[in-house]
Amino acid sequence: MHNDAYFGMEKKRYETRGIQSRIPIEYRYLLWLLVDELCQEMQADYLQVFQFTYETDGGRGVTQTILHSQELPDYSMAYEFPMSEMGIEEKVYVIDNGECCTMLLAEEY
């Protein structure tokens, strides 16, 4: 377990209005969980990036992909989920500014 200065459980966590209106709560919960799990495995960068993309399968369904990455140390992991409804395409940042953690849309940065 890494004792990391970033994303500690004692820090307050915030979500912007853009996140709350455009990212379903299940995905928001998942992103916080992925950040927490990364901190357990390795040193986390202050900036976590999540790229949401999706592909349709000729009317048979949708596959949602979330690519989680950071720069230092280098990390990238893709997660895929079958969906019964339309997927989302967004880039989300989770930033630790030293005092709190904030989840925001890339366009809100």
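Modeller: In this predicted model, the side chains of E15 and R28 meet in a salt bridge, with 2.9 Å from N to O. E15 belongs to strand β1 and R28 to helix α2, so the pair ties together parts that are 13 residues apart in sequence. Buried means under 20% relative accessible area; R28, at 11%, is therefore buried, whereas E15, at 24%, counts as partly exposed.

A search of the whole structure finds five salt bridges. Another of them joins K11 to D96, the closest N and O atoms being 2.8 Å apart. K11 lies in the segment before β1 and D96 in strand β5 (residues 90-96), so this contact ties together parts that are 85 residues apart in sequence. Both partners are buried: K11 has a relative accessibility of 12%, and D96 has a relative accessible area of 2%.

R22 forms a salt bridge with E107, and here the closest N and O atoms are 2.9 Å apart. R22 is in helix α1 (residues 17-22) and E107 in the segment after β6, so parts 85 residues apart in sequence are tied together. R22 is partly exposed at 34%, while E107 counts as exposed at 56%. These two residues also belong to a network of salt bridges that links R22, E90 and E107.

Technical notes:
Residues numbered from 1 in each chain as written. Predicted model: local features only at pLDDT ≥ 70, side-chain atom pairs only at ≥ 80, totals over all residues. Heavy atoms only, no water. Salt bridge = Lys/Arg side-chain N within 4 Å of Asp/Glu carboxyl O. Helix = DSSP H or I, 4+ residues; strand = E, 2+ residues; numbered from the N terminus. Buried < 20%, exposed > 50% of the residue type's maximum accessible area, 1.4 Å probe, protein only.
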